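Let us take a friendly walk through this model, one part at a time. Keep the picture open while you read.

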2 protein chains.
Amino acid sequence: MSMETSALLTDLYQLTMLQTYHARGMEELAVFELFARRLPPQRGFLIAAGVEQALDYLENLRFTPDELAWLAGCGRFNQRFVDFLAEFRFTGTVHALPEGTACFADEPILRVTAPLPQAQLVESRLLNIIHFQTLIASKAARCVLAAPGKLLVDFGMRRAHGAEAGLLAARAAYLAGFSGTATVLAGLRFGIPLFGTMAHSLIQAHDREEDAFEHFAAAQPDNVVVLLDTYDTEAAARKLIPLAHRLRARGIAIKGVRIDSGDLSEAARRVRRTLDEGGLDQATIFASGDLDETRLRQLLADGAPIDGFGVGTRLAASTDAPILELVYKLQEYAGKPRRKRSQGKATWPGRKQVYRTFDADGAFAGDYLSLEDHPQPGEPLLRPVMKGGRRLSARESLNTARDRIRAQLAALPPALSANQIALAYPVHIAPELRWLAEQLDRELH
Amino acid sequence: MSMETSALLTDLYQLTMLQTYHARGMEELAVFELFARRLPPQRGFLIAAGVEQALDYLENLRFTPDELAWLAGCGRFNQRFVDFLAEFRFTGTVHALPEGTACFADEPILRVTAPLPQAQLVESRLLNIIHFQTLIASKAARCVLAAPGKLLVDFGMRRAHGAEAGLLAARAAYLAGFSGTATVLAGLRFGIPLFGTMAHSLIQAHDREEDAFEHFAAAQPDNVVVLLDTYDTEAAARKLIPLAHRLRARGIAIKGVRIDSGDLSEAARRVRRTLDEGGLDQATIFASGDLDETRLRQLLADGAPIDGFGVGTRLAASTDAPILELVYKLQEYAGKPRRKRSQGKATWPGRKQVYRTFDADGAFAGDYLSLEDHPQPGEPLLRPVMKGGRRLSARESLNTARDRIRAQLAALPPALSANQIALAYPVHIAPELRWLAEQLDRELH
């Protein structure tokens, strides 16, 4: 069984709590909500992502015979409980924000309603799945907003945190509006467009830079993008001109060049001039190297003649804000709202819904967080996506979700679409919800 | 095929370069080295980790029929090349630092010697594997140095970046000296000791906090650690006292308590007093919530009576330094040293070795980076671990590597073991290496 589908990819306390629930027959309906406690100071909004993978996980969740044998032998669990786990399936209901919805602190991305043991066990992996893709889609959306109309490609796999992060960063970035990825497996698994050029090693393995360019061009004549900065960027651009003319005679065009180091703005300007003067005005310039939304804005504000960007490490590890405070909290059990009051970590109790209002231009004008049975102005965002442990509709295509994000980014208030975060987006707490929280606090005293 | 073993978990450019190498018959021996270009400003040393997983990857690397069919149909590769990939195996030699070796900028963690296409293809995933575990082992080592003798447990799976990150963060933290992890799958896969208590949801699902404690204690009487901060930490500690006496009559001991929010130092002091006065002086206090090495030092300097710590998100995503500048560079091809000279990214050419010197007390006294055939004072650190694509010795046990790290941490110079980073550790570049780099630069002009 692969690690990403294992029921044991969870925290030990889930299993010890389940043993308690099982021993006490505590199997009534529980409602858990997954949401961001607060946003990182570097983020004005989040893009909810990973719901599809979360539903896959829930649909396929079961303990394998090997896992059950290991649990029975580890000395912590009694056989009656292990037998219960052998039959364990997720049979609950899930409400979720549509993949790619812009969302804010306190707003549930996912709501799980299921018998307490089922809703409890899945906490750790649901967080792990939704957290990562939401993290990356949110970061990628900022890049897309910073470089409208530019080709953006995910280059981050090598320094993403492991295999799944590499693969799913490609998915989350594509959802958010990137043109594609360098990660080949994301092409096979998700049909995401692939992009790639060459590494410095190809140049270094040749004694002459122009031989490397020529051999590469001959081997894939349809997609010739050459890397200029192995030794001296401008010298490489100059060497490219006569080669390009020779290749043209063989029917091969230089599609573009890549620059990966130095002052990208200045280098791109000089390379552009050399290419234009040499008759390569159709060749595009692609830049990479420590890029993120801040650098993209700087380069474009500076008028750098760059047509596309490879965004790698800083995207795939979201380096300026490498985690989100996503949590998964019990809000109702056995028909009764529940509230955690830990210092600095109190939650809004009950089954909730998010309502979004829009201004005359269709831009987001503020949200209401409310109890599900107390509607507010605006459009309700959480929708049922799973019932009885099965998806309610077929898997949505990646491009449908991608179109949704494009529309969401277009409807952001101007301060958010400019990646400014000083002005918080208003999320109003409905009066009934405040009242319920106060009532629960009084009962606890 | 699971994602973590797929040959397509690589960057597209590796395959396009391979097609070029294949077309030109460029299959002579290449030497690539994997190393940190520089250390993050927050790190004084790194702990090399993940070599075992890297060797697993190399030993098992092959393209599946499905992957080959997909490559043949994607329009980028010719059939002759796809046929070449069908036979593709890694048959090279690998030298590596022993798992858990402390290392510094420019020092190779891994050196791969293989026919150029083989050594090239594996770049992306080798980086992805070594990067993550080295990142986490280095962070975890700082926590271990900050809290000597304390119980440290990895709690980070839920906000680690995906499944593999969750699982391997547990491994890397245990290697670095953590006592164990909450991630159950790491117990099954690696035999790492598991720790866990209860979540707030168990408390919230009960109408009375003391009922939750009692039910939990009855269900796993051997390991009763209760969570105090769901509503009011001190009140919960007071409720625990009479319950503990009732449980003792049934032969059940309260092993400890956990505090997860608020001013941990102050809360621990008050809880300690309450427990001691109530006859629970044997019960330990375990703390969690946004912990890292800095908070651990503060809490311990403050004299907080805390016996163990759950270190989660900030460990598993290494939030203060979420990436390392690890790179994998061609240093020799066809018997000739190679050098990349890109601005700010130049490399030291040739096959290298790291020599470590020690002072009279056995502490690290400085390293030499040299060409392999120019020995320097000190102990050579890189050792052969794979030949002909097969491991040279049986897999090392996790505890052997763990013992090695304990010894490495004890031998760090005092500034590094105090997590101070102002004074850089000396890595001397041997004169022959400087000379070779200069010679290559001259040839390129």
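## Two domains in chain A

The C-alpha centres of domain 1 and domain 2 of chain A lie 39 Å apart. Domain 1 of chain A covers 3-136 + 321-444, and domain 2 of chain A covers 149-316; these bounds come from an automatic or database domain assignment. Before going on, please note that this is a predicted model, in which local features need pLDDT of at least 70, side-chain atom pairs count only at pLDDT 80 or more, and totals for chains, interfaces and linings use all residues. Residues are numbered from 1 along each chain as its sequence is written, while chains are lettered from A and ligands numbered from 1 in the order in which they are written.

Where do the two domains touch? The contact takes 13 residues from domain 1 of chain A and 16 residues from domain 2 of chain A. Here, two residues are in contact if their C-beta atoms, placed from the backbone, lie within 7 Å. On the side of domain 1 of chain A that touches domain 2 of chain A, the elements giving two or more residues are α6 (123-146) and α15 (398-410) of chain A. Of these residues, the largest share, 5 residues, comes from α15(A). Such helices (H or I, at least four residues) and strands (E, at least two) are DSSP runs, numbered from the N terminus.

By class, this side of domain 1 of chain A divides into 7 nonpolar, 3 polar and 3 charged residues. Ala, Val, Leu, Ile, Met, Phe, Trp, Tyr, Cys and Pro count as nonpolar, Asp, Glu, Lys and Arg as charged, and the others, Gly among them, as polar.

## The sheet in chain A

Now look for an open sheet of 6 strands in chain A, in the order β7-β6-β11-β10-β9-β8, with parallel pairing. Two strands pair if DSSP finds at least two bridges between them. Which strands stand at the edges? They are β7 (180-181) and β8 (225-227) of chain A, each with a single partner strand, so one side of each is left without a neighbour in the sheet.

You can trace the pairs one by one. Strand β6 (residues 151-154) of chain A is joined to strand β11 (residues 308-311) of chain A by 4 bridges, and the two run parallel; Asp154(A) stands opposite Val311(A) in β11(A). Strand β10 (residues 284-288) of chain A pairs with β11(A) in the parallel sense over 3 bridges, and Phe286(A) has Gly308(A) as its bridge partner in β11(A).

In chain B, strand β10 (residues 284-288) and strand β11 (residues 308-311) run parallel and are joined by 3 bridges. Ala287(B) stands opposite Phe309(B) in β11(B).

## How the two chains meet

The contact between the chains takes 83 residues from chain A and 83 residues from chain B. Helix α1 (residues 12-24) of chain A gives the most to the side of chain A that touches chain B, with 9 residues. That side of chain A has 40 nonpolar, 29 polar and 14 charged residues.

How do α1(A) and helix α10 (residues 209-219) of chain B cross? Their axes come within 9 Å and cross at roughly 95°; axes are lines fitted to C-alpha atoms, for helices over the stretch in contact, and angles run from 0 to 180 degrees between N-to-C directions. That makes α1(A) roughly perpendicular to α10(B), a label for angles of 65 to 115 degrees, whereas those under 35 count as roughly parallel, over 145 as roughly antiparallel and the rest as oblique. The contact is made by Gln19(A), Thr20(A), Ala23(A) and Arg24(A) of α1(A) and His215(B), Phe216(B), Ala218(B) and Ala219(B) of α10(B).

## The symmetry

A rotation of 180° with 0.0 Å of shift along its axis superposes chain A on chain B (RMSD 0.0 Å). That is the relation of a two-fold axis. Copies are superposed by least squares on the C-alpha atoms of residues with pLDDT of at least 70 in both. Of the interface residues of chain A, 100% are also interface residues in chain B, so the copies meet through the same surface.
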